[in-house]
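Please go through the predicted model shown here. The report below covers its sheets, helix packing, cores and aromatic pairs.

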Amino acid sequence: MKEKILQFKDTAKTYWSNRSKSQKWIFLGSIGIVVALILGITFFTTKSNLVPLYNNLSLQEVGQIKTELDARGIPYELEDGGTTITVPEEQVDTLLVDLAGQGIPNSGNIDYSFFSENASWGITDNEFSMIKLDAMQTELANLIKGVQGIKDAKVMINMPKDPVFVSDAKQPASASIVINTQPGYEFQGNQIDSLYTLVSKAVPNLPPENIVIMNQYFEYFDRNSDSMKGSNQDTYTYQQTVKKDIEKDIKRRVQQMLGAMVGPENVIVSVTSDIDFTKENRTEEIVEPVDLENMEGVPVSIETVHETYTGNPPVGGEPGTGDGDITNYEATETGEDGEYELVKETINNEYNRIRKEIVESPYKVRDLGIQVAVDNVKDKDGDEIQYLSGADQEAVRAGISSILNSVISTSIDEEYGDVQPEEKISIVFQEFSGETEFPNTKAPVIPLWMYIVGGILLIAIIILVILLMRNRKAEDEDIVEETITTESPIEVPEIGDNQDSEAISRRKQLEKMAKDKPEDFAKLLRSWISED
């Protein structure tokens, strides 16, 4: 068996050595293509479709699930910066049930179930207070996360200590909430008020004014001013709150619009307002015809009297006034014929009677002023600064003015006469001394120069690879040429060849040994010297 293997090895070696270089490359390339096809087919046929097992995980939860999947030998991948873990589709349902049975993922938050599972007599009052506060924060965060438009919520509650003496007033609690809102979702005023009410009722001794709610973009959600109107606060506080809310709302909308035009870091907006808080309750009783064009009402009843008399009236008459005579009516003396006709029509019309009980708005915008500061630096390259030209400033001024005119015209009440928006706008172009921080909601953009540098580096790498391949190819050709020109076949006869004498054969064997195995030849010489 060993001889057959050696014979096959010699045959294959002889066949390979007799092949040309191109044939060898073709043979090796064919084998590589076949192996690549086999590996590709195996990879795509055995690859499972990975689907999300959990989304929006914390690093602690991902570590727990990763450890369990590694122990079970289940393949998985991490996506979305490590917050989403995907597993084979056919194993999702089984893993969800198994992991839930083991309490995985465990975020480490304490809820009210902790007290029923870990009740003990050895807990101190301070430990109990801390655990209770943590459980309250977790439960409140879970309630808020159930609201539409909120993906996640973090709640921090500050509970003051109970007073030592009965006469001391208990201090109110406070709460700070950070919510992670869904992209593009906008809350209505009543939803924000409901959120404030939910938090206020869930925590004891927590008034709504001690609650602060903001999102991941550092945008605050304030309560609606109408809901604050009935609270126990003086008139000045209420009026100032309404005034600030109106100015903040207009400023926010103008800042967003102008920021989209010239960039949020290149514009600053300030709004001042004059609010009329005069209240008016009046009752109006109006009577107007039904038909306004003809100024006529609707006829309700019509009475028509038509009398006609023809004949000879009586001549003279009795002295005095008879039964059929009319007092002070002159009697005729002649006997001529006479005619008498009377037409009388009475129409009763009905008109509209309108009663209005009017309660005016508790406040009106009497005057409004908007001040805008625009950075006039167009480009800045080191110490060289390029400013906006006069034409550029006029174009920006015209665009800003058209927007502010519309805002002012629709904000000021019509009761205060014609509005001249151009008199209430101030636009200033000035170089900003520092950059104003604004929340950036856009994804980071890779600058153009990085793409250019990356392309240049890629081209340089390709050129270096091509040059390296050419140099290797040239070296291989030089080696082949040297081998062909310098090498000459040397045939060394084996032992027992009868063509030469015994001395010549031994000399040739020693030369071959000295050439092929110099170490063995040296040992042989040392042995001969030692024998001599």
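Two strands count as paired if DSSP finds at least two bridges between them. Helices (H or I, at least four residues) and strands (E, at least two) are DSSP runs, numbered from the N terminus. This is a predicted model: local features need pLDDT of at least 70, side-chain atom pairs count only at pLDDT 80 or more, and totals for chains, interfaces and linings use all residues. Residues are numbered from 1 along each chain as its sequence is written, and side-chain values use heavy atoms, with hydrogens and water left out.

## The mixed sheet

Eight bridges join E4 to E5, and the two strands run antiparallel. Asn 158 has Ser 174 in E5 as its bridge partner. The open sheet here has three strands in the order E4-E5-E6, with mixed pairing. Strand E4 (150–158) and E6 stand at the edges with a single partner strand each, so one side of each is left without a neighbour in the sheet. From one strand to the next, the twist averages 15°. Angles run from 0 to 180 degrees between N-to-C directions, and axes are lines fitted to C-alpha atoms, for helices over the stretch in contact. Helix H6 (residues 125–145) lies across E4 and E5 and runs at about 150° to E4. Contact, here and below, means heavy atoms within 4.5 Å.

## The antiparallel sheet and its helices

Another open sheet has three strands in the order E1-E3-E2, with antiparallel pairing. Its edge strands are strand E1 (50–54) and strand E2 (77–79), each pairing on one side only. The twist averages 40° from one strand to the next. E1 pairs with strand E3 (residues 84–88) in the antiparallel sense over four bridges. Tyr 54 stands opposite Ile 85 in E3.

Helix H3 (residues 59–72) packs on this sheet and touches E1, E2 and E3; its direction makes about 20° with that of E3. Helix H4 (residues 92–101) lies across E1 and E3, at about 15° to E1. The axes of H3 and H4 come within 12 Å and cross at roughly 115°. This crossing of H3 and H4 is right-handed (left-handed if the near helix is turned anticlockwise from the far one by less than a right angle, right-handed if clockwise). On the H3 side, Ile 65, Glu 68, Leu 69 and Arg 72 meet Leu 95, Asp 98 and Leu 99 in H4.

## Nonpolar cores

A nonpolar core is a set of buried Ala, Val, Leu, Ile, Met, Phe, Trp, Tyr and Cys residues joined through side-chain atoms within 4.5 Å. Buried means under 20% relative accessible area, exposed over 50%, and partly exposed in between (1.4 Å probe, protein chains only). The largest core has 27 residues; Ile 250, Leu 258, Val 269, Ile 370, Val 372 and Ile 400 have the most contacts inside it. Helix H9 (235–262), E7, E12, helix H10 (390–411) and strand E15 (425–429) each supply at least two residues of this core. Leu 258 touches Gly 263, Val 267, Val 269, Val 372, Ile 400 and Ile 403, leaving out residues up to four places away in sequence. Apart from this core lies another of 22 residues, including Ala 153, Val 155, Ile 157 and Ile 177.

E12 and E15 run parallel, joined by five bridges. Val 374 has Phe 429 in E15 as its bridge partner.

## Aromatic pairs

Rings of Phe, Tyr and Trp (its six-membered ring) pair if their centres lie within 6.5 Å; planes under 30 degrees apart count as stacked, over 60 as edge-to-face and the rest as tilted. A search of the whole structure finds three such pairs. Two of them are tabulated here.

| Pair | Class | Centre to centre | Angle between planes |
|---|---|---|---|
| Phe 187 and Phe 221 | edge-to-face | 5.5 Å | 85° |
| Phe 277 and Tyr 363 | tilted | 6.3 Å | 55° |

Phe 277 lies in the loop between strand E7 (267–276) and strand E8 (281–288), and Tyr 363 in the loop between strand E11 (352–359) and strand E12 (364–374), so the pair ties together parts that are 86 residues apart in sequence. Phe 277 is buried at 18% relative accessibility. Tyr 363 is partly exposed, at 23%.

Phe 187 is buried at 17% relative accessibility, and Phe 221 is buried at 15%. Tyr 185, Phe 187 and Phe 221 form one aromatic cluster.
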